[in-house]
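Could you walk me through this structure in my viewer, one selection at a time? I am new to it and would like to know what to click on next.

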Amino acid sequence: MKGTIVVTGAARGIGRVIAEKLAESGPFTVVGVDLSPELGLSEAIVPVQVDLTSESGPQQVRETVEGLGLPLLGLVNNAGITRDARLVNLTDTDFSAVLEVNLGAAFKLTTELAPLMKEGAAVVNIASRAYLGNFGQFNYSMSKGGLVGMTRALAISLAPTVRVNAVAPGLIATEMSKAIPENIREKMVSAIPLERMGTPEEIANTVWFLISPLSSYVTGEVLVVGGGRSLT
Amino acid sequence: MIPPPRIPAAVEVTPSDDLAGFLFWMDEIGPGWQDVKSELTEAFTGARESAKSETSMVFIVKNDDLLGRNGPTRAMAAAGLVSAARTAALEGVSKGWTANVVAYDVIVSPAEVLGRAKFVLQNGITTGEIIHLGPGHIGKALI
C-alpha cells in the first residue's frame, strides 16, 4: 500500500539510515524531519526542517503529511540528544534539553499525527538500552524510560488501529559513539557477547520489521538491539 | 538541601517515621506534556540534592501507570522514574546510597506503601530495583 512514513532526526546517524532504508523498502514516501538545514538525504525523501520542541513544529510536520495526500502508515520517533553528567553535576538546562527533545517532542508529534493514521499503521520509538540504567545519564535514561512508558500506553490507546513499539539500541557505530575515547569504547565492546558495536543498518532493519506487516501481531514491546549486552 | 518527602496529603506520616533521604510519591498528573515535565523535573531536583548529600532515594509509582493503563503521560512519568532510579543506583554504589522504585497496586493501602518505601530507603542494600506491592504486575510486561 502506498503511503507516508515520518522519520525524525533523519539528517544523520541512525535516523538517516532508517529513513533511507524505509525509502528503498516499499512504495513509501518518507518525510525526513530534522533541525539541521543540511539534510543531504536522497531525493526519495521529503525533507522538513523544523524544531519539534517548538509550538508549531509538530503542526508543520502534520501539514506536510496532509499535503502529500497519502495515508500515514508510520512514524519513527528517532530524534535524540545527550548531555551527559553525573547526577550531582547535572544542570537544570541539560536536564530540560534532553527531556524536551527525546521525550516531549516524540509525545507531541505522535499526538499530532495519530489522528491521521489508518488501519495497519505503526509507530516505532527509538529508545536506548540506557533505559535500563547507564552511569552519567540520569536525564537521557529518564527520557528513554519515558519513551518506553509512552510506547506501552499508546499501544493500548491506539489499538487496534495502530501498533506502537520501541527499539532500544545498544552501542552503535555512529558519530556519537566515535566521540567516546577509544580505550573506553574498547572496554564497552569487550562486554558485548557479539564482540562488536552494532551498525545503524541493523537498527534500521529492526525498525523495518516493526513498521512492516511482518510484525502485525506485535505491539507495546521493547526490542533491545544490543548484541547481548544486557546479559553480561 | 534535600526537599521534604513528597507524599500525598491523605497519607499520614508520624513524627517517628524516619524518612532520611529523598522520597518522591508520583502525583496523578494531567494529560499534557508540561504535566510530565514538571513532575520529572521535581523528581530530578530532589534526586540531585539527595545525591549531593549522599543519601538514598525512593520513587513511588502505581503499577497501572507503569503498565501504561492510565494513559501516556502517567506512563511516561512512571517509567521515566524507573529508568532514572536505575541510573542513580549505579552512581550511588561507590558512595553507599541507594535508589529504588516502589510500584503499588490500588488495593494496597497508603500506609503499607509508605512502610515499604521507608524500609527500602533505610536498608542500604537493595538498589536499582522495582519493588512491586500487590499482584497486578504478574504476567504483564516487565519494564
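## A tour by selection

Welcome! Begin by selecting B:Met57, whose bridge partner in S3(B) is B:Ala99. Keep in mind along the way that this is a predicted model.

Strand S2 of chain B covers residues 57–62 and strand S3 of chain B covers residues 99–104; they run parallel, joined by 6 bridges. As background, strands of a sheet pair through backbone hydrogen bonds, either parallel or antiparallel.

Next, bring in the rest of the sheet. Chain B has an open sheet of 4 strands in the order S1-S2-S3-S4, with parallel pairing. Select residues 22–25 for strand S1 and 130–133 for strand S4 of chain B: these are the edge strands, each pairing on one side only. Look along the sheet for its twist, which averages 20° from one strand to the next.

Zoom out to the whole of chain B. The C-alpha atoms of chain B fill a box of roughly 35 × 30 × 30 Å along the principal axes. A compact globule of 143 residues would have a radius of gyration near 15 Å, and the 14 Å of chain B agrees with that. Of the 143 residues in chain B, 48% count as buried. Among chain B contacts between residues at least 6 apart in sequence, 70% join residues at least 24 apart.

For the last stop, move over to chain A and select A:Ala23, which sits in helix H1 (residues 13–25) of chain A. Is A:Ala23 buried or exposed? A:Ala23 counts as buried, because it has 20 C-beta neighbours inside 10 Å. Leaving aside residues up to four places away in sequence, A:Ala23 touches A:Phe28, A:Val30, A:Ser42, A:Ala44 and A:Ile45. To finish, draw a C-alpha to C-alpha distance from A:Ala23 to A:Ser212: they are 189 residues apart in sequence and 13 Å apart in space.

Note on methods:
Residues numbered from 1 in each chain as written. Chains lettered and ligands numbered in written order. Predicted model: local features only at pLDDT ≥ 70, side-chain atom pairs only at ≥ 80, totals over all residues. Rg over C-alpha atoms; globule rule 2.2 N^0.38 Å. Buried ≥ 20, exposed ≤ 12 C-beta atoms within 10 Å, placed from the backbone. Contact = placed C-beta atoms within 7 Å. Pairing = 2+ DSSP bridges. Helix = DSSP H or I, 4+ residues; strand = E, 2+ residues; numbered from the N terminus. Axes fitted to C-alpha atoms, helices over the stretch in contact; angles between N-to-C directions.
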